[in-house]
Amino acid sequence: MFDAEKQLLNSDGAVEKQLRPHHEQLGRATRFRRRTVTVLLSLAALVFVFVAPALLPRAPSTSDTDDLQSSAGGLIDLTRLFFNALSTDHLRTNLEYYTSGTHAAGANKTQAAHTLEYFKKQGIDAEIVEYFPWLNRPLSQRVAVFNSTTHEVLFEALLREDAIPGDPASEDPNNLAPFHAYSADGNVTGQLVYANYGSNDDFNALEQAGISVNDAVVIVRYGKVHSSVKVHAAELAGARGVLIYSDPKDDGYTKGKDYPVGPWRPESSIRRDSVLLHRIHPGDPLTPGYPSTKNSQRIDPDNAVNLCRIPSLPLSYRDALPLLSAIQNHGVAASNISSSWVGGLTSKGIEYWTGPSTLEVNLENRVEYRTVAIQNVVGRIKGWEDPGQAVIIGNHRDAWSSGASDPSSGSAVLLELARVFSELGKLGWRPRRTIILGSWDAAEYGLIGSTEWVEENIDWLRASAVAYVNVGAAVGGNAFAVTASPVFQNLLYAVTKQVPYPHSNETVYDAWLRQSLATSLDADASAKSRPAISPFELNGDTIAFAMHAGISSVDMGFVGSAGAQHSNFDSFKRMVSFVDPDMQLHLAIAQVWGLLAIRLADDPVLDLCTMCYAKDIRHIIRQFEKQMRLRRSASVADSVDMSTAKKLRRLHAAQRQLETNARIVEHDKRHLRSVYGEECQMTGRRRHASCLALRASINDRVSKLEQHFIDPDGVLGHEWYKHALIGPGPWTDASFQAFPGLAAALDTGDKGIVRQREKSIADIIYEAAWFLREV
């Protein structure tokens, strides 16, 4: 029956045949209701004057204020009240608190308690939820250059950041030593090789240039790809260890004045990071796919698949200078590989070469691993009409140091939203649906807190979650950036058009569009005249919600001046000196985040766009076809690529069906508004019940569509990731790619696997299309 239906719906006239029964059903129902209303009009008028108030669900009384009483104008008035209640003074106070000290994963219990008490003070039901992941802490580190013949040590790295007078965060005695979360414990020695950003392409370029990294210590720059990709790629190439330094070309003095004179990264700044292989799976490496509760069964660390097995350390460019000097005139000039291999230290006399060096480098990374209690703080504002449906907003709380931008700016805003939602509650407002506030721990290690919470609550999430809205680093610059499921497109545009952009006559939407067009590589961007909404990246707390549980998710914030990320200089002093002195950017993201949460929690009909998703899938298919064409000369046989290209018509046909059925959802929305009204405020019991049923059906379809792209088997080679359309794959290092399972199948060179995977994805899209027809 399933295959027969697909053949029918893809034949000539399929759209007409599909829509006609749906329209006829609606027409019959409408004619029946008209006849019923005509016959019973007089009786209904008398009866329901007296009984309707008792029958209809009502929001809490809003008699305390005229601003919350009207339905048509209520959202506008609520928006005004919400905006007026937000306070830059409160935002500043919150940020000062969260940046008052280093608060690494599992070591911020005071801040967890403060967050809990703040929620409770606002009248929000809240609790601390603990998990017990396996974490490492630094013991001792060393990087030294020496002559292996004479054993003379020629250079010893300082491995510390300078104290900045007037910036207490840089002088905090609790600041962590430079290390990588989940780095391997070890002491290794080898010749030094430079590998640019350490991507798979960079290591391939070294191989093509005749440079081996086998048994070497590799030095690479931060940027372009995640740190875990750099270390893993080096490990696969045979390296003994990896040093990752911050090059001024990427976020230092070549961008502008460095801190404390400007916002950019100074010479002693060291960027800590995680080298957990998120691409395999985030979360506790010893409890893959299930929560790390106190009594959970744990696998042996030797069997953990998302750990790198060679030691690594972060470096400042001050410490990197002597290392890069040691490989000058050895190997191949980096510029001969590509001009993109040349960093910003040329002004310091460095010529970038590949090496290997004749001198040896010793890398010592001593870390201690143990099970550590981490603390999520979860608050709940119960909805008045549909408390079983929930909108979740979240931010991670842990930081490598004081973390003013990442993540404390987001934590400060989360507390302010809790306060303002409480203030609105005193005026009589409660959300239609429940709002969950999540303050996650241990995100910097590998999205631990959010991942474990999702894994523990996955059944509830799939039944009840409407959306997840994340703000990690709320303010890191002045450019608004969003990664999101396509269903949020219209809602994001509408919300950002209501929020003023600081120190201008623009809205956030206007600035977002301007910035997006200025940086877009899309030739169609100007014609579209709409801001870019990026696919998910591999570094945010949206990942478990969207890619494992299938919850439509958003991550957003102001980005730009990343010159202090994960260092001691990401401080309150730097924030108020150079990034957001008057807290207006914090206010703007609070307005966007809060208004988005209010719309998702309060709109009678969710403004989630299934048509946008269907059209984006068309774009994703075209992207994938382009990637296949670019790979024609790669290792995968042309015959496999060409046969698959022909069969992508299955994906195109499935996408067209999804787009057709998305039109049904849009039709049902129009029908609801024109026949009933979104609030279902009619006195006829039957009409009221019909309206509520149709509204519930629409909301269910638009909020649960994402779940129908979940493949229970997961992505080939990355089975924790369940999203069939986009995820980690073999063709990209830095971000998710289209149809990762199909890409992995292509790389096997097995036509049977390719055909099976392509059919499987098409079937998933068809099933999503059928779901959109359900009324």
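Which residues touch the most other members of the largest nonpolar core?

1. Basis. The model is predicted: local features require pLDDT of at least 70, side-chain atom pairs count only at pLDDT 80 or more, and totals for chains, interfaces and linings use all residues. Residues are numbered from 1 along each chain as its sequence is written, and side-chain values use heavy atoms, with hydrogens and water left out.

2. Largest core. Phe82, Phe421, Met556, Leu600, Leu658 and Phe739 touch the most other members of this core of 123 residues. A nonpolar core is a set of buried Ala, Val, Leu, Ile, Met, Phe, Trp, Tyr and Cys residues joined through side-chain atoms within 4.5 Å; buried means under 20% relative accessible area (1.4 Å probe, protein chains only). Helix α20 (residues 584-602) gives the most to the core, with 13 residues; helices are DSSP runs of H or I, at least four residues, numbered from the N terminus.

3. Phe82. Contacts of Phe82 (heavy atoms within 4.5 Å), not counting residues up to four places away in sequence, include Phe421, Leu424, Ala590 and Ile598.

4. Second core. A separate core of 49 residues includes Leu159, Val275, Ala334 and Tyr352.

5. Disulfides. The whole structure holds two disulfides, each a pair of cysteine sulfur atoms within 2.5 Å. Cys609 is joined to Cys612 with S to S 2.3 Å, and this link is right-handed, with 80° about the S-S bond. Cys609 has a relative accessible area of 6% and Cys612 one of 8%.

Conventions: Buried means under 20% relative accessible area, exposed over 50%, partly exposed in between (1.4 Å probe, protein chains only). Helices (H or I, at least four residues) and strands (E, at least two) are DSSP runs, numbered from the N terminus.
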